[in-house]
Amino acid sequence: MITVTKSLLLLYYYNNLVSVSQANEMTLIYYFSHHTANACLFPVCALHHVAVTTVEGIGNTKSRLHPAQERIAKSHGSQCGFCTPGIVMSMYTLLRNKPEPKMEDIEDAFQGNLCRCTGYRPILEGYRTFAKAMMSSSLFNSSEFQPLDPTQEPIFPPELMTQSNKQQKQLCFRGERVMWIQPTTLKELVALKSQYPNAKLVVGNTESKSKLCRHSYNHPSVGRTILLICLFTGITFGAACTLSSVEEVLRKVVAELPPYKAEVFQAVLEQLRWFAGPQIRNVAVIIHLPLISPCSTEGKRTITMDEKFFTGYRKTIVKPEEILLSVEIPYSKKGEYFSAFKQASRREDDIAIVTCGMRVLFQDGTNRVEEIKLSYGGMAPTTVLALKTCKELTGRDWNEKLLQDACRLLAGEMDLSPSAPGGMVDFRRTLTLSFFFKFYLTNVSSCLLLSIDASVPLNLSSSNQSCVLLQEVPRGQAVEDMVGRPLMHVSAAKQACGEAVYCDDIPHYENELYLTLVTSTKAHAKILSVDASEAQSVPGFVCFVSAKDVPGSNITGIANDETVTCVGHIIGAVLADTQEHSRRAAKVVKIKYEELKPIVTIQEAIEKQSFLKSIKRINKGDVKKGFEESDHILEGEMYLGGQEHFYLETHCTLAVPKGEDGEMELFVSTQNLMKTQVLRVLLCRNCIVHFGLCLINVSFNRTGRPVRCMLDRDEDMLISGGRHPFLGRYKVGFMKNGKVKSLEVSYYGNGGNSVDLSYGVMDRALLHLDNSYNIPNVSSVGIVCKTNLPSNTAFRGFGGPQGMMIAECWMSDLARKCGLPPEEVRKLNLYHEGDLTHFNQKLEGFTLRRCWDECLSSSSYHARKKLIEEFNKQNRWKKRGMCIIPTKFGISFTAGALVHVYTDGSVLLTHGGTEMGQGLHTKMIQVASRSLGIPTSNIYISETSTNTVPNTSPTAASVSADINGMAIHNACQTILKRLEPIKQSNPKGSWEDWIKAAYENCVSLSATGFYRIPDLGYDFEKNEGKPFCYFSYGVACSEVEIDCLTGDHKNIRTDIVMDVGTSLNPAIDIGQIEGAFVQGLGLFTMEELRYSPEGNLYTRGPGMYKIPAFGDIPTEFYVSLLRDCPNSKAVYSSKAVGEPPLFLSASVFYAIKDAIYSARKDSGLTEPFRLDSPATPERIRNACVDIFTKMCPSAEPGTFKPWSVRV
């Protein structure tokens, strides 16, 4: 499992590489190699004789930034900054190995890195400068970057270099429960394995680490073995060769060998490219290849990896006391062809859903099959060979009849139970046929007149192109006035150097305790007993806290302490002296349950009428009359899956005693300080998200000692809710020309086990059910379902994307029903300036039609549409699609601020907003700079704290810059008003002169500011009022290409035009647009939460839950800020930008749907079809109905228990 870490290690190996000449003479070569590796996976014991460099060791803000640090900071490639050190180290390692890399090298280096904020484009654009690529950017000046000088890098420590000449000694490290032994010779290793046959042999540790953490395996471990590479009839790799070294050797061999001898090597290289990221390939070792040589005290033997090799799940015929010496990959022969295929949820760094290796050997000079082997992974607990199919195909001619028979045979042999673990049964079965079809086309005789486009994989080489179009700063604006200029994020340099302090980076306090949560393993059950007696025997155990320890009332959202209502429901917590002891103790707390029937899905909630009480409606016009006047009526429904926040810093809280009277200081990763200030004063440190503090408070009161709690990724995803899954049912009436007359829609949201913010989410969904379209007659209802899942909560967009997505669903289908171009139907129904929305708010400053026209023009929409139509005519198994989508997002909220001016003229700001990477602090400095008329270099900002600004509004709804900016502006105006008499008496004085004089005249130089958006309020029952202050608008056009055989898709190009008013900081605003778009890309095409029928979350952690990676962003990505559109209702004419752009990624979803339409048309299907969100490879492939999907019919619902359910 890949673990996303804050910091990646750079490892230097002083290795012995054995290369073999054609005469088989071995030459010893000494060289240095530089590799990135995940710090959390690399055992400290394995670092003996290895030099380690972290991000702190290559540069810092006090002396000098390394060019890799400087360029990501100045190109605006860091927002929250939690991923930035890892990205910096990936780039640094590449530069150590290749000082002048190609763009492809840079993209490959980032395969193992993830970012949730930036959208990746600014990172690639900043680092593109190392590739000497021709580029220009309006967001940064590359000529200001310091050059890379390889001669100034740290040298390999000489004391480690001398160790290679010394005789190595066996090492042994002993811990509380684990012993680590590092042998130096094969003889020692074999003896140890004989002594400890069940011990795990650790080399790369990419698998053992997760098991040690999750299952607490208690076994001795044996360290790294010697690397060996040699050439014979094939290539034999030493068992400890890393995958990176295998890849390097194979590339050289393939370049030198005749193509017919390198068939297998080529296939291995293609698969290695998509196997994990370089941080894993650098340490993971080669296993599970054709011929392996184990040995033991009984001697050596050679084993062929055939159908007998695997004896069970993760079990082989290799004996426990044996060790693996080498793996041999043979050369391929003339007439022999080999292909390997893999399909995963995400192309980069992901585990395969189905994978296969296929080999065929033809009789000399013929197309008759002499031998054939077909093996599949993902179709059983072990890799399986299609033995019956291969037997039938042997001796047959390679033609269409063989293809038909092979698919029929494979459909029968590669069958799966409809309840098979992993789910996606129809998809997996279909892939086995699709892969063989691709293999068949790859090797088809040239005399067969078949389209072979399926044999060519999607072109996934990025070579990303990007362009941003900014607003111009007005002529005459003072140079020191930074409003409207792309000022660098104030924390970017610290983040790039690893100096930014996050909650868990705060040094440990004396007597500090660590808290680990004890949570429910049942979705709905009564607690019969909780037994923590066994936990007390764990070293370092202090106490167990639960509801019984809460002083006073304990009534929160869920009032019954004896009943758990979801898996992950917090029952109590264990306190111990260290994190490891606390977690060990928590695992042995025993809980007995009386299980109750859970409600997990929206459908189950509807059937059992399990709803939260508040049901909202918005009605306008006469819906019945509208349907009567319509030419057509279309009914349907759409499901949208939920989404995990997947902030890279997980929830963290630290409680620290502050002297007398039980005072406590809390450091919390929260967006909403007001809800937690009732406990104690809060300090928000580089905060990412909100975390409940009740148990921390109880633990502090009980022990009086500092208490820390940092959730791991599995815990975080299990306990915390995310975006609400939605089911939308609609009935829409429309005219022949596509004009909508009437809409009836019902929204059902899965709220989970408590209200949380579900009512607000549903309210916004109803207020955005129109997206950007004028619908004269509307009847709508929003219902929140109560289920036995963790309570879902606020997420970027807050219900708006769900409401708008269902609107685009029926808009897309009615355009198809009318036989009209979707873009024409959408434009026909767009609002105009002055129109009333369905909630009766007048649209003022309506710039959406400008955005629409600019996007059509800048994207060359109509010309490209013709090219797509021509492409689709010429290709059967690859299709392209394009779609243009608008968005209208309402903005509404209050805020406070505090401004101090010191006698030297410097200014300290504090405001009520939380900086979580969105550049809020940077914008606030810019606002204060213009308000006070001083340079930004004079202004500093302190972290958000309730002891300076109390009763803050949540940092949410995209309005933090609006409201906190106005609060700061008001505070600055108060100070300026006090300075007026002094400035009048000395009009030519400087800022410093005026401040000094004010101090001497006892003028207060500190002021608070407060702001609330005026005249807001809405009544759902009367459908009157003003729910929003103003609206943000945008339009996106996206083009995609899908592989109809596998469901894979590639984002080819996206053009965005966004109205952000007059931008306060175009670099930050564009970063927010791109980041929101890519997060939405995950929501609508990739990120899928999978639950068991009992309510247990399967997709915990990055191994199962996939967010977009570097390779998932559009190959061409263009963002423009609409010009000349000032917004009079926000600070300095700006607009909110954090949430509105997220929905624009729906353009990718509907482009995919457009491509699927083309594929279905080739199969004779022309009617509208249902495509739920996200558009995963499974849904895309199943929607592309063809002969292969028909060979794998679905089991009847209700006749089996599914592995997972749609919640």
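**Close-up views of a predicted model**

**View A. Surroundings of Tyr-127.** Apart from neighbours within four places in sequence, Tyr-127 contacts Ala-68, Arg-71, Ile-72, Ile-87, Val-88, Met-91, Ile-106 and Phe-110 (contact: heavy atoms within 4.5 Å). This is a predicted model, in which local features need pLDDT of at least 70, side-chain atom pairs count only at pLDDT 80 or more, and totals for chains, interfaces and linings use all residues. Residues are numbered from 1 along each chain as its sequence is written, and side-chain values use heavy atoms, with hydrogens and water left out.

**View B. The largest nonpolar core.** Of its 242 residues, Tyr-127, Tyr-376, Trp-398, Phe-436, Trp-810 and Trp-991 touch the most other members. Helix 26 (residues 960–985) supplies the largest share of this core, 11 residues. A nonpolar core is a set of buried Ala, Val, Leu, Ile, Met, Phe, Trp, Tyr and Cys residues joined through side-chain atoms within 4.5 Å; buried means under 20% relative accessible area (1.4 Å probe, protein chains only).

View C. Helices (H or I, at least four residues) and strands (E, at least two) are DSSP runs, numbered from the N terminus; two strands pair if DSSP finds at least two bridges between them.

**View D. Strand 28 and strand 33.** Strand 28 pairs with strand 33 (residues 726–734) in the antiparallel sense over 9 bridges. Gly-636 stands opposite Tyr-730 in strand 33.

Terms used: Buried means under 20% relative accessible area, exposed over 50%, partly exposed in between (1.4 Å probe, protein chains only).
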